[in-house]
Amino acid sequence: MPHRYQTILLFGAPGAGKGTQGKILGQVPGFYHLSCGEVFRTLDLTSEIGKTFMQYSSRGELVPDDVTIKMWQQNMHARTVLSDYKPSQDLLVLDGIPRNVHQAELMKKHINVLLVVHLVCPDKEEMIKRLRRRALKENRADDAKEEVIRRRWQVYEKETFPVLDFYSRQIVREVDAVGSPARVLEHILQHVVPVQESHFQNSLTDETERP
Ligand code: ADP
């Protein structure tokens, strides 16, 4: 399957810092970051899909898989057409997707997952604190209510956590999510830089081998 996007997944519980780290990584040449939650939040909330998003996210639930994957695919295609994301040059860094095993299955034909970076935080309450702080700062409806935060966590444990087993153990790396963003970034880079370098090696080889 030659047309799959070469991908790194940022994986972890709500509040683990996937968005923060993804944004930083996305600033580095050769990486392209896409947060599924962010794409949803930028939708026109009066549109059909925007309403669906609000309906589910305000309860801490996942948007149905068919809607999510279709939206993701269209979004990726648009970014590729605009040359914002260049699949032959950039490693795709996905955060917030796939969010359950079914989504992982549906995405199999679109992405080649080279690495899964699992941001691990042993202290659930610490992450819930982070979500509360973020809700205040960013005016996020889904994290403003305690019950919604708790529901988001339940959904993570029941539906999202099993996604880790969908991928080979050999490509999963655990990174401690506790610490300053710079420290967490340092650890993530240790894992992703070699993958990106070998990716580029490959694309260089591909270039020179082309007749
Ligand atoms: P952030 O990463 O910025 O915290 P989230 O990823 O938590 O944002 O997304 C917010 C909401 O968007 C989720 O609670 C869910 O309703 C919806 N959402 C985001 N990604 C997905 C996905 N892959 N599948 C289904 N719903 C999603």
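Predicted model: local features only at pLDDT ≥ 70, side-chain atom pairs only at ≥ 80, totals over all residues.
Local features were considered at pLDDT of at least 70 and side-chain atom pairs only at pLDDT 80 or more, whereas totals for chains, interfaces and linings use all residues. Residues are numbered from 1 along each chain as its sequence is written, and side-chain values use heavy atoms, with hydrogens and water left out.

The structure contains 7 salt bridges, each defined as a side-chain nitrogen of Lys or Arg within 4 Å of a carboxyl oxygen of Asp or Glu. One of them joins the side chains of R151 and E61, with an N to O distance of 3.0 Å. Because R151 belongs to helix α8 (residues 146–160) and E61 to the loop between α3 (48–57) and α4 (65–81), this pair ties together parts that are 90 residues apart in sequence. Helices are DSSP runs of H or I with at least four residues, numbered from the N terminus. R151 is partly exposed at 26% relative accessibility, and E61 is likewise partly exposed at 26%; the term covers values between buried (under 20% relative accessible area) and exposed (over 50%), for a 1.4 Å probe and protein chains only.

A salt bridge is also formed by R150 and E125 (3.3 Å, N to O). This pair links distant parts of the chain, with R150 in helix α8 and E125 in helix α6 (residues 124–138), 25 residues apart.

Within helix α9 (residues 181–209), E186 and R183 lie 3 residues apart, about one helical turn, and their side chains meet in a salt bridge at 2.7 Å, N to O. E186 is partly exposed at 35% relative accessibility, and R183 is partly exposed at 48%. Salt bridges with shared partners join E125, R132, E146 and R150 into one network.

Note on methods: Helix = DSSP H or I, 4+ residues; strand = E, 2+ residues; numbered from the N terminus.
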